[in-house]
Amino acid sequence: MLIFAISDKGGTGRSVTSTNIGYRHALQGNDVCYLDFDFGSPTAGAIFSVSSVARGTRNGGLHEYLRGGCAEPHRVDVWTESDREGLRTKPPGAGRLVLLPGSEGGGELSAVDDEMVRRCVQLFGRLEEEFDLCMVDVSAGRSFTAEMVLQASVRLPSIPFRWLVFHRWTRQHIIAADGLVTGADGLLDAGARFGHDPEELRDRIRFVRTAVLEPDAAELVGLRDEQRAWLSACDAELRELAGRHGVGRTAMLGKVPLDPVLQWREQLISDEDVLASKIANAETAAAFDELAKKIVDDSAWEGL
Amino acid sequence: MLVMGEVHTALLQNSGEIQEPVCRQVLGLMAGETVRVSRRPIAHALSPDLLTGVDCRLPSASQARVRAVGTVVSRCAITGGRVAQGSSYVRVERAAVDRRLSWSHYLSRPGVAEVLGKAKAGDLAAGFLDGAPPDCLDLGAISGRFLDLAQSSPLLDRRAPFRIPRTRLRWVTEVGEPSIRFTLHSDQVRTVRIAHPEPFTPALAALCEDLALHDWLLTTLLVLVERAGIGSAPGAQAAAKLAPAVDHLLHLWMPGAHVGESLAPYWESLDRRPGFTRQWRTLEDRVRDQVALNTLTLLSITAQTGRRCQ
């Protein structure tokens, strides 16, 4: 299964959420591979706490691989190479967790040629042989990278794929997330151009809300009544807006609550962070865990 | 001087094993020539040999700049309709003249790469077994590409029963007193060094392909047994996770099935130490015992339920 993670805008928490989903999916016993296709800013290494590839790798990054500079992209086994002690031992029952970092200083793709798509197809095909899940972080907004993976997935009809569109719970983000999917040159539009059936593609897209502050959250206890009433009204308005833009509950796969740890440092949230050091909220870990199950749960992906 | 090769082995990307006619089509996609098939003692289909022209540096342990020109032989194999292999090898020889000749010269010697200038066989062997640097001849990339061709055939449904990484086996043969050394490197990389008194024949490449196949089977069965979590997971769950091993792997162990009589002693020596077959049999028994135990548990549950209903 290929999961493409995209967001309408930068700063939505796409990378940190998708890495955490991948991490949780591996903890659930699946072999997971994370591909950093965010070529402009390949920082997945930092989130996995692998300092040697914190800003991408100098040799054999994905960018270099797609350009034909190496036969196989560099792989990082997170369970052995992470600098975080808590991540450096593979927990019993967990699957493999492998990162394919981007190239340091690679830059966004400025065009996609057929050879690049062929190499992308070859990579996805090979990874599918050995991993239960390949999470592909496809940067923000409309990009050549998104076009490349749309073309590659058309050429791999028997490999299942799904798209996660990450957005924050604000007016602008809701409108932009809808635009990224249904707007001119959006995913459906571009997908149809490359040979996807728009109806089928639509069914393979779900939204994930990030940094959500629920009106009844514990953090809001100290607020004045007026503030709470205002937040509630805003939330209702956003729900109505989301419904109108096709970003509402039915098209949503899950939401991740606002967590100070993720705001201040993009990192994996381990059970230790929740239970021992208590720096992260249990709800956040639970949300990632739930999403990690839902991405492969067919009932969450039935036709809309 | 020496012969070097690399074999990539993988689970064929299909839900079940494929039959002989499909094997022929999957392997026949690559050229107009016929696919060689043998049925006994195990189904084995081999694609025609294909050549890749090369003119590049050879890997060298001392980082010496050694240039070679010639062709690499590659082929694909499917064993038991279940395991696919991409295999490439090249015979490295000294060129008669130290300059590049026309391609017709190299094409008349298929599978030979001629070294222009000086090179030491030991240095090249060590460099190759260490893994090719990016700008050198990469037999693994060629083997991987051929394996991709088979794996991406539209005749395969890509719903493999389990996920498992490919293994890579790099091998080198030289002329010398008979000996064989098999080394495990990382999770997926293995190396084999063979010294053989006779001049090289393709049968030696077939021996290495057979070793790669059995090493993959052993590696894969070990992974499946580990994933089953015997002892820590409930019996029924462990047995369910071992089911793919019973369905798809246990009947494939047939060391030396396609290895000539004269090369059989190499297999026998590896079977003495490290003892491939010994380890395989132990794992096989473990899988079968788990399945049997689970059957007994199920039978006793059924019997108890039956008594309660009476």
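How much space lies in the second largest pocket? About 430 Å³ lies there, a pocket being an open set of points, on a 1 Å grid over the protein atoms alone, with protein on both sides within 12 Å along at least five of seven lines. The model is predicted, so local features need pLDDT of at least 70 and side-chain atom pairs count only at pLDDT 80 or more, while totals for chains, interfaces and linings use all residues. Residues are numbered from 1 along each chain as its sequence is written, chains are lettered from A and ligands numbered from 1 in the order in which they are written, and side-chain values use heavy atoms, with hydrogens and water left out.

**Second largest pocket**
- By class, the lining has six nonpolar, six polar and eight charged residues, where Ala, Val, Leu, Ile, Met, Phe, Trp, Tyr, Cys and Pro count as nonpolar, Asp, Glu, Lys and Arg as charged, and the others, Gly among them, as polar.

**Largest cavity**
- A search of the whole structure finds one cavity of 30 Å³ or more, a cavity being a set of grid points where a 1.4 Å probe fits but cannot get out.
- The largest cavity has a volume of about 70 Å³, a volume being the space filled by probe spheres set on the points, which are joined across faces, edges and corners.
- Among the residues that line the largest cavity are A:Tyr65, A:Arg75 and A:Gln122, and helix α5 (residues 114-130) of chain A gives the most to this lining, with four residues.

**Sheet of chain A**
- Eight strands (DSSP runs of E, at least two residues) form an open sheet of mixed pairing in the order β3-β4-β2-β5-β1-β6-β7-β8, and two strands pair if DSSP finds at least two bridges between them.
- Because β3 (76-77) and β8 (252-257) of chain A stand at the edges with a single partner strand each, one side of each is left without a neighbour in the sheet.
- β3(A) runs antiparallel to β4 (residues 97-100) of chain A, joined by two bridges, and A:Asp77 stands opposite A:Val98 in β4(A).
- Helix α13 (residues 282-294) of chain A (helices are DSSP runs of H or I, at least four residues) packs on the sheet, touching β7 and β8 of chain A, where contact means heavy atoms within 4.5 Å.

Note on methods
Axes are lines fitted to C-alpha atoms, for helices over the stretch in contact, and angles run from 0 to 180 degrees between N-to-C directions. On a 1 Å grid over the protein atoms alone, a cavity is a set of points where a 1.4 Å probe fits but cannot get out, and a pocket is an open set with protein on both sides within 12 Å along at least five of seven lines; lining residues have an atom within 4 Å of a point.
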